[in-house]
Amino acid sequence: MRIATMPTIHGESISIRLLEDMAEAPSFASLGLSAGAEETLRRALAAPHGMVLATGPTGSGKTTLLYAALNMLNREDCNILTVEDPIEYQIPGINQVQVKAEIGLSFARLLRSMVRHDPDIIMVGEMRDGETANIGVHAALTGHLVLTTLHTNSAAGAIARLIDMGVPAFLLTSTLRAMIGQRLVRVLCRECREPVTPPADFAVLAARHGIADAGAGTLFRAVGCEACAGTGYYGRTGIFELIEMDDGVRELVRAGAGTREIERAAREQGVVTMFSDGLRKCLAGVTTLAEVARVTEAW
């Protein structure tokens with residue numbers, strides 16, 4: 001369990017995260033990645049150097065996705081080092097280091113030390129400041145594969161965030177391999193979900209987001225039963241958008257394009273947005289429109 005406490009005027013507020021045992025490594029498919037997104041991500045992870053970013057708010061599954069990537073990459077001839085705060089899961093064969101700011105073990109200091117330990121892959125739990133970001137980018141530039149997370153609202157927003165943190169745009173075009181935006185949605189209980197009539201404008205909305213046959217699909221609503229403790233949901237899954245750093249995106253970054261321009265260009269190249277991925281999961285009976293609307297901005 002990961003527990004945080006805070007005093008309030010009515011008593012102590014407690015937040016508890018339940019962390020599942022990772023004896024069995026999660027697969028990308030089990031986390032909710034589509035086949036196309038998984039193929040793109042595997043291609044980025046197969047590179048000998050560069051940076052792969054997972055983006056989203058706190059509690060959106062970013063670290064779990066990176067752990068799945070590390071499990072895929074973990075082999076005897078590969079030196080993998082991580083710097084984390086906290087270390088949520090221990091992975092055999094990987095050297096994991098816990099940040100401890102009170103004795104000077106910050107992300108930046110540990111990352112600066114790690115590059116002298118001949119790593120093949122470095123995982124940084126979070127890019128919290130400009131110093132850490134610049135060290136991470138230079139590590140990616142000098143022959144290391146760097147996996148890390150950022151708090152941004154979308155995959156394309158990672159570029160503007162890193163530039164705001166002081167990373168030159170020309171370095172990003174040389175190092176970034178892929179940016180993943182993600183959110184978590186609740187999964188419908190299979191025991192009690194019920195089909196519902198889609199909203200009148202649903203087919204038009206879906207078509208606008210690249211889903212042409214939405215009118216023939218079925219949507220479901222949460223009901224509640226003993227199996228799901230009356231909630232209508234059982235478990236969670238991810239909705240994702242994955243932007244690969246191809247020549248088109250690089251040119252936009254060099255030209256100083258904003259987040260909206262990069263997102264528009266990515267959609268034109270066939271990138272599935274988080275909202276579109278969520279709609280596809282609604283039509284597959286995985287979750288509800290209400291859940292997708294709750295965590296995305298494109299409704």
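# Close-up views of a predicted protein chain

**View 1. The whole chain in outline.** Residues are numbered from 1 along each chain as its sequence is written, and side-chain values use heavy atoms, with hydrogens and water left out. The secondary structure comes to 12 helices and 11 strands, where helices (H or I, at least four residues) and strands (E, at least two) are DSSP runs numbered from the N terminus. Along its principal axes, the C-alpha trace of the chain spans about 60 × 50 × 45 Å.

**View 2. The aromatic pair of Tyr67 and Tyr89.** The structure holds one aromatic pair, a term for rings of Phe, Tyr and Trp (its six-membered ring) whose centres lie within 6.5 Å, with planes under 30 degrees apart counted as stacked, over 60 as edge-to-face and the rest as tilted. The ring centres of Tyr67 and Tyr89 are 5.3 Å apart and their planes stand at 85°, so the pair is edge-to-face. Because Tyr67 lies in helix H3 (residues 62-73) and Tyr89 in the loop between strand E4 (80-84) and strand E5 (95-98), the pair ties together parts that are 22 residues apart in sequence. Both Tyr67 and Tyr89 are buried. The loop between E4 and E5 also holds Pro86, and the peptide bond from Asp85 to Pro86 is cis, with omega near 0°.

**View 3. Arg186 between a ring and a carboxyl group.** Arg186 lies over the face of Tyr233, at 4.0 Å from the ring centre; a charge sits over a ring if NZ of Lys or CZ of Arg is within 6 Å of the ring centre and within 35 degrees of the ring normal. The side chains of Arg186 and Glu291 also meet in a salt bridge (3.0 Å, N to O), which is defined as a side-chain nitrogen of Lys or Arg within 4 Å of a carboxyl oxygen of Asp or Glu. Since Arg186 lies in strand E8 (residues 176-188) and Glu291 in helix H12 (residues 289-295), the pair ties together parts that are 105 residues apart in sequence. Arg186 counts as partly exposed at 35% relative accessibility, whereas Glu291 is buried, with a relative accessible area of 2%.

View 4. Thr40 lies in helix H2 (residues 35-45) and counts as buried at 15% relative accessibility. Leaving aside residues up to four places away in sequence, Thr40 touches Leu242 and Glu244, where contact means heavy atoms within 4.5 Å. Glu244 in turn forms a salt bridge with Arg43, the closest N and O atoms being 2.9 Å apart. Glu244 lies in strand E11 and Arg43 in helix H2, so this pair ties together parts that are 201 residues apart in sequence.

**View 5. Two loop residues with positive phi.** Asp118 has a positive phi of about 55° although it is not a glycine, and Asp118 lies in the loop between helix H4 (107-114) and strand E6 (121-124). Ala229, which is not a glycine either, has a positive phi of about 60° and lies in the loop between strand E10 (219-221) and strand E11 (233-244).

Key
This is a predicted model: local features need pLDDT of at least 70, side-chain atom pairs count only at pLDDT 80 or more; totals for chains, interfaces and linings use all residues. Buried means under 20% relative accessible area, exposed over 50%, partly exposed in between (1.4 Å probe, protein chains only).
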